[in-house]
Amino acid sequence: MAQLIDGKKISADIKEELRLEVETLKEKGVSVCLAVVQVGEDPASCVYVRNKTRACAYIGIESKSYELPESTTEEELEELIEQLNQDPSINGILVQLPLPAHIDEDRIINLIHPSKDVDGFHPINVGRLWTGEDGFLSCTPAGIIQLLKRSHITLEGKECVIMGRSNIVGKPMAALLLRENATVTIAHSKTENLKELTKRADILIVAVRKPKFVTAEYIKEGAVVIDVGMHRNENNKLCGDVDFADVEPQASAITPVPGGVGPMTIAMLMENCVKTVRE
Ligand code: NAP
């Protein structure tokens with residue numbers, strides 16, 4: 001039986017550590033405030049925003065919600081971001097993605113001041129990640145590093161294969177694994193001989209946005225498998241990019257969906273919020 005990597009427990013541990021840190025900060029007169037901006041009423045976004053504000057409340061981070069109508073123009077949103085950038089009482093700014101199609105997401109992300117960019121998406125923070133400077137880390141990949149470390153899985157010298165090259169998962173994941181001295185390969189939809197490649201992986205990280213895409217055929221015996229995918233099937237049940245039942249017997253450790261990577265993303269967002277006020 002593979003070790004089940006328990007994202008629920010690890011994220012709860014991190015949130016508890018942060019709650020205690022925020023308590024101590026408050027005693028010193030330091031508070032943390034996150035601005036959460038949502039445009040439109042995409043149902044999935046509403047759930048994510050609700051979970052984020054709940055996590056803030058638990059940890060003791062103040063959150064201010066800005067719920068804007070779908071019809072909000074790019075200029076109006078830009079104005080709000082500028083205002084939040086300049087407001088000293090706001091420590092972090094989170095713009096829930098996706099934005100409506102008439103708004104240029106990259107333009108908005110680039111407008112958030114890098115010192116308030118708690119999602120770690122601003123090019124300055126992306127650059128800092130790759131050069132090894134201190135900055136905000138993209139939450140999902142940072143959460144995966146925590147999952148691995150807190151499960152006592154060694155990264156140094158290990159062969160890691162990442163399936164997927166998105167800006168929010170695959171690419172920052174590669175940078176973080178390199179920092180940990182892993183040997184990293186990124187695969188994508190044009191990769192040839194995909195199974196040969198993934199079968200070399202000591203640690204396989206799957207972020208392809210395809211339900212149950214990865215089966216046992218992709219896995220080396222004893223590999224660690226991290227499933228980033230998140231999908232709802234026809235019965236409204238969550239599943240990942242990995243066919244868990246098929247892969248689990250072959251893996252030495254594996255993340256479930258739900259309860260694996262998902263809860264870590266919010267925990268690392270909270271970590272970034274607290275980081276805005278750390279000395
Ligand atoms: P994305 O932007 O859609 O990127 C998917 C990546 O997978 C692309 O780079 C694509 O390659 C690659 N890909 C597609 N088919 C492939 C194949 N057959 N073989 C190899 N690579 C293939 O997705 P994302 O934003 O990174 O998200 C990935 C998954 O993680 C989604 O299910 C998403 O819901 C989930 N997610 C979960 C969390 C969380 O907190 N748990 C956070 C973020 C994302 P090309 O570049 O060549 O197209």
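Visitor: Where does Pro258 lie?
Guide: In this predicted model, Pro258 is in the loop that connects strand S11 (253-254) with helix H10 (262-275).

Visitor: OK, backbone angles. What is phi at His152?
Guide: Positive, at about 60°, although His152 is not a glycine. His152 belongs to the loop between helix H6 (139-150) and S5.

Visitor: Since S5 came up, which sheet has S5 in it?
Guide: An open sheet of six strands, ordered S1-S11-S8-S7-S5-S6. The pairing in that sheet is parallel.

Visitor: Which strands stand at the edges there?
Guide: Strand S1 (3-4) and S6. Each has a single partner strand, so one side of each is left without a neighbour in the sheet.

Visitor: How many bridges hold S5 and S6?
Guide: Five, in the parallel sense, between S5 (residues 159-163) and S6 (residues 183-187).

Visitor: Which residues face each other across that pair?
Guide: Met163 is opposite Ala187 in S6. Cys160 has Val184 of S6 as its bridge partner.

Visitor: How does the chain cross from S5 to S6?
Guide: Through helix H7 (residues 170-179).

Visitor: How many bridges between S2 and S4?
Guide: Four, joining strand S2 (residues 33-39) to S4, and the two run parallel. Ala35 is opposite Ile93 in S4.

Visitor: Now the ligand. Which residues come nearest?
Guide: Arg165, Ser166, Ser189, Arg209 and Thr265, out of 22 residues around the ligand.

Visitor: How far is the Ser166 side chain from a ligand oxygen atom?
Guide: A polar side-chain atom of Ser166 is 2.5 Å from an oxygen atom of the ligand. For Ser189, a side-chain N or O atom also has a ligand oxygen atom at 2.5 Å.

Visitor: And Arg209, what is the distance there?
Guide: 2.9 Å, from an N or O atom in the Arg209 side chain to an oxygen atom of the ligand.

Visitor: How much of the ligand does the protein bury?
Guide: The protein buries 79% of the 930 Å² that the ligand exposes when taken alone.

Notes. Residues are numbered from 1 along each chain as its sequence is written. This is a predicted model: local features need pLDDT of at least 70, side-chain atom pairs count only at pLDDT 80 or more; totals for chains, interfaces and linings use all residues. Side-chain values use heavy atoms; hydrogens and water are left out. A residue is near a molecule or strand if one of its heavy atoms lies within 4 Å of it. A polar contact is a pair of N or O atoms within 3.5 Å; within protein, one must be able to donate a hydrogen and the other to accept it, and residues adjacent in sequence count only if both atoms are side-chain atoms. Accessible areas come from the Shrake-Rupley method with a 1.4 Å probe; for residues, only the protein chains shown count as cover. Two strands pair if DSSP finds at least two bridges between them. A crossover is right-handed if, with the strands pointing away from the viewer, the path from the first strand over the helix to the second runs clockwise.
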